[in-house]
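Hello,

Here is the structure I promised to hand over to you. Please have a look at it first, and then read on for my notes.

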Amino acid sequence: MSHEQHMAAAIEQARLALAAGEVPIGAVVVVVGGGIVARGFNQPIGAIDPTAHAEMQALRRAAAATGNYRLADAVLYVTVEPCLMCVGALVHARVGEVVYGTAEPKSGALVSAIRALDLPGLNHRFAVTGGVLEEPCRALMQEFFRARR
């Protein structure tokens with residue numbers, strides 16, 4: 001499957017978050033050669049858990065599905081550039097790549113607000129690909145925040 005097909009699956013997860021009244025961010029974890037092993041969407045409000053971001057949900061499920069907290073052969077697809085907490089978890093999980101849809105200028109920690117992978121103390125870095133299906137990912141976020149204002 002292509003980056004676009006996997007991002008489309010992440011967008012489906014983001015729509016679940018939107019339907020639940022959460023910020024519409026979705027994620028899927030793909031194991032190279034094995035397809036999607038885990039899915040997640042933002043749930044901090046519903047789960048009453050500040051760490052229940054889409055990326056964290058998908059990482060937890062991927063670790064359980066593979067039986068390993070190290071996900072070196074995995075690619076995480078997420079609709080919005082991850083925050084610093086999520087980048088930290090991705091580093092600890094040793095993911096191979098992160099593919100995101102749209103940048104997050106206020107709290108994105110890969111290319112926007114901070115470039116976390118440039119921090120000198122990290123013991124792992126991963127490849128980053130941005131802008132995959134950027135417009136539909138951005139439109140979901142804009143729809144959500146427009147309705148809130």
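How many salt bridges does a search of the whole structure find? The search finds two, where a salt bridge is a side-chain nitrogen of Lys or Arg within 4 Å of a carboxyl oxygen of Asp or Glu.

Before the details, a word on what you are looking at. This is a predicted model, in which local features need pLDDT of at least 70 and side-chain atom pairs count only at pLDDT 80 or more, while totals for chains, interfaces and linings use all residues. Residues are numbered from 1 along each chain as its sequence is written, and side-chain values use heavy atoms, with hydrogens and water left out.

Back to the salt bridges. One of them links the side chains of Glu134 and Arg138 (2.6 Å, N to O). The other is between Glu135 and Arg138, at 2.9 Å from N to O. Helix 5 covers residues 134-148, and because Glu134 and Arg138 are four residues apart in it, about one helical turn separates them. Glu135 and Arg138 are three residues apart in helix 5, again about one turn. An α-helix has 3.6 residues a turn, so residues three or four places apart point the same way. Helices here are DSSP runs of H or I with at least four residues, strands are runs of E with at least two, and both are numbered from the N terminus.

How accessible are the partners? Glu134 is partly exposed, with a relative accessible area of 32%, Arg138 is partly exposed at 28%, and Glu135 is partly exposed at 47%. For these words, buried means under 20% relative accessible area, exposed means over 50%, and partly exposed is in between (1.4 Å probe, protein chains only). With shared partners, the salt bridges join Glu134, Glu135 and Arg138 into one network.

Seven of its seven residues are buried, so strand 3 is largely enclosed by the rest of the structure. Strand 1 and strand 3 run antiparallel and are joined by five bridges; Val28 stands opposite Tyr77 in strand 3, and Val31 has Ala74 of strand 3 as its bridge partner. Strand 3 also pairs with strand 4, in the parallel sense and over five bridges, with Val80 partnered by Thr102 in strand 4. Together with helix 4, strand 3 and strand 4 make a right-handed β-α-β unit: with the strands pointing away from the viewer, the path from the first strand over the helix to the second runs clockwise.

Which residues of helix 4 are buried? They are Cys86, Val87, Ala89, Leu90, Val91 and Ala93, and their cover includes helix 3, strand 3 and strand 4. After helix 4 comes Arg94, whose phi is positive, near 65°.

The largest nonpolar core has 30 residues, and those with the most contacts inside it are Leu76, Val87, Val95, Val98 and Phe126. Such a core is a set of buried Ala, Val, Leu, Ile, Met, Phe, Trp, Tyr and Cys residues joined through side-chain atoms within 4.5 Å. Helix 4 gives the largest share of this core, six residues. Leaving aside neighbours within four places in sequence, Leu76 is in contact (heavy atoms within 4.5 Å) with residues including Val28, Ala58, Leu90 and Val98. A second, separate core of 13 residues includes Ala14, Val75, Val132 and Cys137.

Gln13 is buried, with a relative accessible area of 9%. Beyond its neighbours within four places in sequence, Gln13 is in contact with Gly26, Ala27, Val28, Arg39, Gly40 and Phe41.

Terms used:
Pairing = 2+ DSSP bridges.
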